[in-house]
Amino acid sequence: MSIGALTSLVIVETIVLALLAVVVVSLLRSHAELLRRLPEPDEGHDHVHDDADRERPMLSSELPVPKRIASRAHDVAGSTLEGDQVVVSAASGTNTLFAFLSTGCLTCQGFWDGLRPDVREPLPGDTRVVVVVKDPAFESPSRLAKLAPPDVPVIQSSAAWDDFGVAMSPYFCFVDGGTGELRSEGAAMSWHQVSSLLTDALFDEARARELG
């Protein structure tokens with residue numbers, strides 16, 4: 001091979017290497033820019049939680065204290081699972097805990113399970129439980145048949161949800177059976193918590209009557 005040919009080959013190789021160097025530098029810069037724009041791991045993690053917190057409904061974890069000025073509770077009118085019409089009076093003479101549950105609520109499952117006769121514990125103040133679900137169009141009849149306890153009233157009534165202003169489930173409304181007044185209401189996470197809070201509510205109410 002002549003000297004001229006070798007010289008031309010060296011020049012071509014030099015040009016190719018220069019072009020490769022330019023390409024590599026460009027790729028490195030692009031990669032660096034992408035890394036710069038990515039959030040830090042902790043920052044991204046926080047954003048995920050922020051978004052989840054915004055989307056997740058905020059539920060109260062306890063029932064409020066007894067109301068000093070109680071409001072009149074509504075009677076609950078609806079139908080049984082067999083389709084019979086029924087009305088539960090607020091002023092029935094028996095303290096009543098209206099438990100607003102649903103067949104499609106994951107948190108409600110624990111409350112349905114806790115109503116089974118073999119595990120159910122009595123609530124303070126001889127309080128009875130009346131479960132209120134929405135109208136049949138909003139619930140699963142087959143799920144209700146499996147979940148409903150045999151000895152606890154289950155009433156289908158979307159109107160009751162509206163009357164009591166219930167916007168979430170599980171939700172509980174404690175009604176004084178003697179006066180028909182709504183004494184306490186809110187959400188809870190377990191029957192144990194509901195029982196404990198009702199005990200406190202009844203005690204505080206009794207003290208208020210003694211002092212009043």
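These notebook entries record what I looked up in the structure, from the whole chain down to single residues.

**Entry 1: ground rules.** I am working with a predicted model, in which local features need pLDDT of at least 70 and side-chain atom pairs count only at pLDDT 80 or more, while totals for chains, interfaces and linings use all residues. Residues are numbered from 1 along each chain as its sequence is written, and side-chain values use heavy atoms, with hydrogens and water left out.

**Entry 2: the whole chain.** I began with the secondary structure and found six helices and eight strands in the protein chain; here helices (H or I, at least four residues) and strands (E, at least two) are DSSP runs, numbered from the N terminus. Read from the N terminus, the order of elements is α-α-β-β-β-β-α-β-α-β-α-β-β-α. I then looked up burial and noted that 33% of the 212 residues of the protein chain count as buried, where buried means under 20% relative accessible area, exposed over 50%, and partly exposed in between (1.4 Å probe, protein chains only). The accessible surface of the protein chain is about 13300 Å², and carbon and sulfur atoms account for 59% of that surface; these areas come from the Shrake-Rupley method with a 1.4 Å probe, and for residues only the protein chains shown count as cover. For contacts, meaning heavy atoms within 4.5 Å, I took those in the protein chain between residues at least 6 apart in sequence, and 71% of them join residues at least 24 apart.

**Entry 3: strand β5 and its partners.** Strand β5 covers residues 128-133, and because five of its six residues are buried, the strand is largely enclosed by the rest of the structure. Which strands pair with β5? Strand β4 (residues 96-100) pairs with β5 in the parallel sense over five bridges, and strand β6 (residues 154-156) also runs parallel to β5, joined to it by three bridges; two strands pair if DSSP finds at least two bridges between them. From β5 the chain crosses through helix α4 (residues 141-147) to β6, in a right-handed β-α-β crossover. A right-handed β-α-β unit is also made by β4, helix α3 (residues 108-114) and β5; right-handed here says that, with the strands pointing away from the viewer, the path from the first strand over the helix to the second runs clockwise.

**Entry 4: salt bridges.** My search of the whole structure gave four salt bridges, each defined as a side-chain nitrogen of Lys or Arg within 4 Å of a carboxyl oxygen of Asp or Glu. Asp151 and Arg120 meet in one of them, at 2.6 Å from N to O. This pair links distant parts of the chain, 31 residues apart, with Asp151 in the loop between α4 and β6 and Arg120 in the loop between α3 and β5. Asp151 is partly exposed at 43% relative accessibility, and Arg120 is partly exposed at 28%. Another salt bridge joins Arg116 to Asp118, with the closest N and O atoms 3.4 Å apart; Arg116 is partly exposed at 37%, whereas Asp118 is exposed at 62%. Asp176 and Arg183 form a salt bridge at 4.0 Å, N to O, and both of these residues are buried.

**Entry 5: Val194.** I found Val194 in helix α6 (residues 191-211), buried with a relative accessible area of 0%. Which residues does Val194 contact, leaving aside its neighbours within four places in sequence? They are Leu97, Phe111, Phe172 and Ala188. Between Val194 and Phe172, which are 22 residues apart along the chain, the C-alpha atoms are separated by 8.5 Å.

**Entry 6: backbone points.** Most residues other than glycine have a negative phi, and most peptide bonds are trans. Against that background I noted a cis peptide bond from Ser169 to Pro170, with omega near 0°, and placed Pro170 in the loop between α5 (158-163) and β7 (171-176). Asp126, which is not a glycine, has a positive phi of about 50°; Asp126 lies in the loop between α3 and β5 and counts as exposed, at 69% relative accessibility.
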